[in-house]
Amino acid sequence: MSLRHLLFNHIFISFCIIYFTTSRHYVSAKTQKCRLNSQKQAVFQHPVINSTTTGTNAPPSTTTSHSTVTSMASSTGSPTPTAIPNFAYGVDKIRGVNLGGWLVLEPWITPSVFESTGNDQIVDEFTMGQLLDTATAQAILKQHWDTWITEDDFVQIAAAGLNHVRIPIGYWSIPLTSSGTSTSTSPAPYTPGAWPYLLRALTWARNHGISVIVDLHGAPGSQNGYDNSGQRTSNPVWGVTPDNITRTVDTLRFMAKEIGDQVSVIELLNEGAGFRGNDWATAIRGFFGNAYEAVREAAGDEVKVMIGDAFLGVNSWTNFLTPPNGHDAMMDFHEYQIFSDLELNRTFDQHIDFACTYTQTLGSYESTSLWTVVGEWSNALTDCAQWLNGRGIGARWDATWFPGPNSQFHGSCNGFTGNWENWTDDYKDMLRKYWEVQVEVGETVQGWVFWTWKAENADEWSYQKGLEGGWIPMDPTDRKFPNICA
């Protein structure tokens, strides 16, 4: 989700921050004092996405211990391997998908979850916790956690030839105790309970030979102001609040101690807002160094540690966390071309050509610094998906995003989003070529992780629907347009 990038991040640093909606969006959340009670809520059910159910999905308790949940997850019928998949990093290519919108909500991925609240002021998990009573919020989230991703999804992911999943999780879902930090451990106003689902997903991944990147997607105070951080706000404070940074390091240490032997990669923070100024960029750099040491101390040397470029460009991180100060570290680079008018003005061929420029940029950085993965990218050629820019917000493409005299109309959203069965063959061919060029870019370095595995009604963003519709091949090495960037 969300919205998980990039040329204009470097061009428009001094421009209005609202344009830094890159992989997500930056809008002030409205505040509402009232709280809804459970009697007013509709019964929430996801629209049917999967066509089969081959895996078991008995819901885990959200209050059981780590060992109990691990045992429960291991008893669902499949034998539990004794070790995580043996993946040869630096040799084999990462080919994966993000499980977006599951353990961290994003309105555009699962709009039905937000609609079920009956309150259009609920725009993220922060406002869900603020504006719903606890029992109702817990019931909605539990239903979502139980049904959005099941073991059958891991079966499908493995069958599609993919070898990694990246699982976003928020700090509020990680049960840090007071013995592990000098800061607060309260998740308020968030609704906790997702941790056992992560533990069960790790078992599913092992059962099906899939490596896991666990990604801290939301940090206290919000690291970017996007709804995918848990809180959509014009005033994120993570980077300027030392206790928030300390709590984040302590949370990662706890997570590394608990599951460091069950995952392949721990990503320290998703999309920190380095563009907010030197204080934020400096804070992120210091945080990465401290968090790297905390993970190494807690989990040892086997687990890989991933950082992101914080919208500053990979070259801003040359020689960072390279030996002797670090080892087995990775850079996560996100690439989208739809979150500014500048990018939307490009023709399809220009989108292709621009994507190809990253083969040089990323390859040059990796050769001197860290293994590099294109950890978020999609097939989307517009920002037309409902609520992609935030709940209640339209699209730049059709000028419904903050409409006004300066809005630029690029075209109608009809035929660019929604159900793929309504799309033209020409559009699906474009999606196939756009998929292939970005795979080509990712495989010039260490690999790629597509955003996202599924979405309720934005098939251009769904790997699962791409397989169904044919613009994503069942074999990720299959090429209809070989050597696009040659």
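These are my notebook entries on a predicted model.

**Ground rules.** I number residues from 1 along each chain as its sequence is written. In this predicted model, local features need pLDDT of at least 70 and side-chain atom pairs count only at pLDDT 80 or more, while totals for chains, interfaces and linings use all residues; side-chain values use heavy atoms, without hydrogens and water.

**Overall.** I looked up the secondary structure and found 13 helices and eight strands (DSSP runs: helices H or I, at least four residues; strands E, at least two; numbered from the N terminus). Of the 486 residues, 61% are buried (under 20% relative accessible area, 1.4 Å probe, protein chains only).

**Strand β2.** I went to residues 164-170 next. Seven of the seven residues in β2 are buried. H164, R166, P168 and G170 point one way; V165, I167 and I169 point the other. β2 pairs with β1 in the parallel sense over three bridges (pairing needs at least two DSSP bridges). There, G96 stands opposite H164. β2 also pairs with β3 (residues 211-218), again parallel, over seven bridges. G218 in β3 is the bridge partner of G170.

**E106.** I found E106 in the loop between β1 (94-98) and α3 (111-115). Why does E106 count as buried? Because its relative accessibility is 0%.

Definitions and conventions:
Buried < 20%, exposed > 50% of the residue type's maximum accessible area, 1.4 Å probe, protein only.
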